[in-house]
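Please keep the sequence and the model in view while reading.

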Amino acid sequence: MGVLSEFESKRLLASHGVVVSRDRLAQSADEAVVAATEIGGPVALKLCGPSLAHKSERGLVRLGLDRPDAVRDAAKDLLAAATTDGGEVALLVSEMVAGHRELIAGVVLTEQFGAALMLGLGGVLAEAIGEAVFRLLPTSQADCQDMIDDLAIPALLGPLRGEPAVDRDALAATLLGLAEAAGGEGIQAIDVNPLVIRDGQPVAVDALVVVSSS
């Protein structure tokens, strides 16, 4: 099996109606500066490629870059960190998506039941609490709404720290989009982490799609 790059993964999910962060690909530090200017505001910069599934753990992510010189310096550092065994890489310039709530969502392959849609708490809460709900595929809009209702911490879905309540219809549509994407040829698994709630709306900030190698 193989994986799509983060950029390719997000484009695939966006084609199924999943809202993703605004991204640009750049091949050089100068191109990264231009991309950051086009996006506007602070950006995240990542080394992007199909072999770079866990970028944060490998120190290949820079966050909150708000000046051209900061973007250029970070881009040079990341390109210098690329190794020959990592295959072809590029720089992914992404908008910073701010929100107090992070979820994790995706499609997993279970040995006993086959493919299942998953929704849970993301960020540090994912490890601390481990709360997640599942539904077998194929699924429906009603199933997705039920998954949201089944999360054990409903207070996180209501108004929080000045942010509006989570738009449940939008979150259900995101889950349904993931389920639809999983029906594509060769798709083995989908991982969206984090799915940040911004102004009540879910935004996929990072995504990974696993595909069959054949």
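The model is predicted, so local features require pLDDT of at least 70 and side-chain atom pairs pLDDT 80 or more, while totals for chains, interfaces and linings use all residues. Residues are numbered from 1 along each chain as its sequence is written, and side-chain values use heavy atoms, with hydrogens and water left out.

**Strand pairing around β9**

- Strand β9 (residues 187-198) runs antiparallel to strand β6 (residues 101-110), with 6 bridges joining them; strands are DSSP runs of E with at least two residues, helices are runs of H or I with at least four, and both are numbered from the N terminus.
- Two strands count as paired if DSSP finds at least two bridges between them.
- In the pairing of β6 with β9, G106 stands opposite D191.
- Strand β11 (residues 207-211) is also antiparallel to β9, through 5 bridges, and V210 of β11 faces A189.
- A further 4 bridges connect β9 to the antiparallel strand β10 (residues 201-204), where P202 is opposite I197.
- β9 and β10 make a hairpin with 2 residues between them, and D199 in the turn has a positive phi of about 50°.

**Salt bridges**

- The whole structure contains 12 salt bridges, each defined as a side-chain nitrogen of Lys or Arg within 4 Å of a carboxyl oxygen of Asp or Glu.
- R22 and E95 form a salt bridge at 3.6 Å, N to O. R22 lies in the loop between α1 (6-14) and β2 (23-26) and E95 in strand β5 (residues 90-95), so the pair ties together parts 73 residues apart in sequence.
- E95 is buried at 10% relative accessible area, whereas R22 is partly exposed at 39%; buried means under 20%, exposed over 50%, and partly exposed in between (1.4 Å probe, protein chains only).
- R135 and D150 form a salt bridge with their closest N and O atoms 2.4 Å apart. This pair links strand β8 (residues 132-136), which holds R135, to helix α5 (residues 141-150), which holds D150, across 15 residues.
- Salt bridges with shared partners join E6, K10, D23 and K46 into one network.
- R67 and D69 also form a salt bridge, with the closest N and O atoms 3.1 Å apart; R67 is partly exposed at 44%, and D69 is partly exposed at 37%.
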